[in-house]
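Here are my notes on the model, point by point. Have it open beside you as you read.

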Amino acid sequence: MLNFKDRIIVFFRDLSAPKKIFMGYLGTIFLGTVLLLLPISSRSGSIALSDAFFTSTSAACVTGLIRFDTWSTWTLFGQAVLLFLIQVGGLGFMTMTIMVMMLSGKKIGLNFRVLMQNAISAPQVGGIVRTVRFILKGTLLIEGTGALLLAFYYVPRLGLAEGAWYSVFHSISAFCNAGFDLMGQVEPGSSMITASGSWYVNLILMLLINIGGIGFFVWADLLQNRFRGQGLHLQTKIVLSMSAFLVLAGAGALYLMEMGGEVFSALGTGDRILVSLFQSVTCRTAGFNTVDLSKLSSASHMVMIGLMLIGGSPGSTAGGMKTTTAAVQLLTVTSVFRNRKEVEVFHRSIDDSVVRTAGCVATLYLFLALVSAYIISALEGLPIVTALFETASAVATVGVTLGITGSVGMITKCILIALMIFGRAGSLTVLCVLASGNRKIHSKFPAEKVQVG
């Protein structure tokens with residue numbers, strides 16, 4: 001007869017890799033909730049359980065949706081807890097677990113290697129520990145460089161200690177595509193609006209967001225090929241081309257949509273370009289904003305919703321359905337128009353299973369965002385575009401908002417929490433968790449054509 005401890009060990013040992021990853025994210029969220037509930041974490045000394053859980057979920061899922069302003073609500077200890085959750089959420093709890101095992105000298109078995117492969121979308125188990133070392137060293141270098149560069153802006157304004165903390169916090173938050181900020185000291189809920197005219201700060205944050213959002217394996221591929229295009233893998237080419245297209249197309253669309261709008265009326269041409277570029281980049285799951293988003297037009301909101309749902313790239317700190325998913329969907333449409341049997345790009349064809357998976361993922365994200373938006377719109381009495389903006393931000397782990405997060409009811413909070421967890425754990429992980437008990441069926445029914453379109 002097994003005792004309780006042994007039963008727990010056996011239970012977790014028998015879980016599938018996707019279920020272990022999912023449980024790991026939930027465990028991280030619960031730990032963060034407990035820490036945020038401590039009196040030392042909040043300036044008031046107490047915080048509601050639902051708000052602590054919401055904030056912990058937002059940080060661990062690197063989303064950035066908040067009920068209250070971060071600086072005004074949380075003490076230095078509470079901010080450090082949030083930064084810890086952001087770092088774990090950005091790199092993935094399995095990466096952090098293996099890092100601890102490496103530092104403690106423990107042997108990393110095959111089970112952990114398989115878990116790590118699933119967690120970071122690695123193509124194979126072999127070399128996974130070496131990959132983790134590369135990720136950790138690269139992260140430390142990039143976040144450290146970002147913090148050093150931001151220090152030249154924050155230290156002269158806030159002093160050495162506070163300026164250094166702001167630099168580290170915002171560097172990690174930007175690289176992990178989290179969107180949490182401490183600028184509430186200047187004006188609660190202002191995000192990066194106070195730095196909207198600073199090309200220096202904006203460019204650093206945009207670089208950090210993009211580097212974190214393209215994916216760890218794209219870094220490795222670029223470095224291995226010394227940034228030459230000939231030897232790059234197909235995924236790298238798709239990620240880089242799609243990312244560049246989305247940033248430029250998004251910025252162009254936002255610039256045109258706001259030409260005669262309230263936000264651009266007080267800005268010069270240079271600042272308009274900077275605002276458009278920054279919002280296009282940050283909508284790819286980063287969550288910062290340099291203008292009041294509620295003052296943008298509905299057309300701009302729809303552009304941002306599209307950018308949010310696409311998000312970053314596989315194996316990155318970003319969320320969303322991913323650039324590769326959107327690219328495969330576009331390529332599929334193109335192949336149909338060209339009457340081609342195969343989906344092709346860069347002189348390569350894409351496997352049918354990838355095309356099917358991309359269709360499933362895209363449909364799932366759109367379905368969840370739309371259905372959740374309809375429910376929230378009905379519950380809160382909000383315009384459907386406003387509700388869709390919030391649900392797209394949650395499911396794609398972006399964090400930008402039109403200002404409704406702090407006033408929504410309990411049911412809406414629960415919906416947003418579920419969307420954030422789904423978005424960070426990943427659609428394929430969640431699908432595997434739900435379908436892992438289904439047995440495979442090898443029989444095949446007779447085929448029959450159905451007219452579509």
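1. Among contacts in the protein chain between residues at least 6 apart in sequence, what percentage join residues at least 24 apart? The figure is 69%, with contact meaning heavy atoms within 4.5 Å.

2. A word on provenance: this is a predicted model, where local features need pLDDT of at least 70 and side-chain atom pairs count only at pLDDT 80 or more, while totals for chains, interfaces and linings use all residues. Residues are numbered from 1 along each chain as its sequence is written, and side-chain values use heavy atoms, with hydrogens and water left out.

3. On the overall make-up, the protein chain has 19 helices and two strands; these are DSSP runs numbered from the N terminus (helices H or I, at least four residues; strands E, at least two). Of its 453 residues, 51% are buried. The cut-offs are under 20% relative accessible area for buried, over 50% for exposed and in between for partly exposed (1.4 Å probe, protein chains only). The chain exposes about 21700 Å², and carbon and sulfur atoms supply 65% of that; the areas come from the Shrake-Rupley method with a 1.4 Å probe, and for residues only the protein chains shown count as cover.

4. Have a look at helix H12 (residues 234-257) against helix H15 (residues 323-337): their axes come within 9 Å and cross at roughly 90 degrees. That makes H12 roughly perpendicular to H15, a label for angles of 65 to 115 degrees (under 35 is roughly parallel, over 145 roughly antiparallel, the rest oblique). The axes are lines fitted to C-alpha atoms over the stretch in contact, with angles running from 0 to 180 degrees between N-to-C directions.

5. Who makes that contact? H12 brings Gln235, Ile238, Val239, Met242, Ser243 and Leu246, and H15 brings Thr323, Thr324, Ala326, Ala327 and Leu330. The residues of this contact of H12 with H15 split into seven nonpolar, four polar and no charged. In this scheme Ala, Val, Leu, Ile, Met, Phe, Trp, Tyr, Cys and Pro are nonpolar, Asp, Glu, Lys and Arg are charged, and the others, Gly among them, are polar.

6. Now the salt bridges, of which there are four, counted when a side-chain nitrogen of Lys or Arg is within 4 Å of a carboxyl oxygen of Asp or Glu. Asp51 pairs with Arg67, with the closest N and O atoms 2.9 Å apart. Asp51 sits in helix H3 (residues 49-60) and Arg67 in the loop between H3 and helix H4 (70-73), 16 residues apart. Both Asp51 and Arg67 are buried.

7. Glu262 and Lys295 also form a salt bridge, at 3.9 Å between the closest N and O atoms. Glu262 is in the loop between H12 and helix H13 (269-282) and Lys295 in the loop between H13 and helix H14 (298-310), so the pair ties together parts 33 residues apart in sequence. Glu262 is exposed, at 51% relative accessible area, and Lys295 is partly exposed, at 43%.

8. Arg340 and Glu344 meet in a salt bridge at 2.9 Å, N to O. Arg340 is partly exposed at 38%, as is Glu344 at 31%. Elsewhere, salt bridges with shared partners join Asp51, Arg67 and Lys413 into one network.

9. Finally, Gly406 lies in the loop between helix H17 (384-395) and helix H18 (410-425). Leaving aside neighbours within four places in sequence, Gly406 is in contact with Ile66 and Arg67. Gly406 and Leu65 are 341 residues apart in sequence, yet 9.1 Å apart in space, C-alpha to C-alpha.
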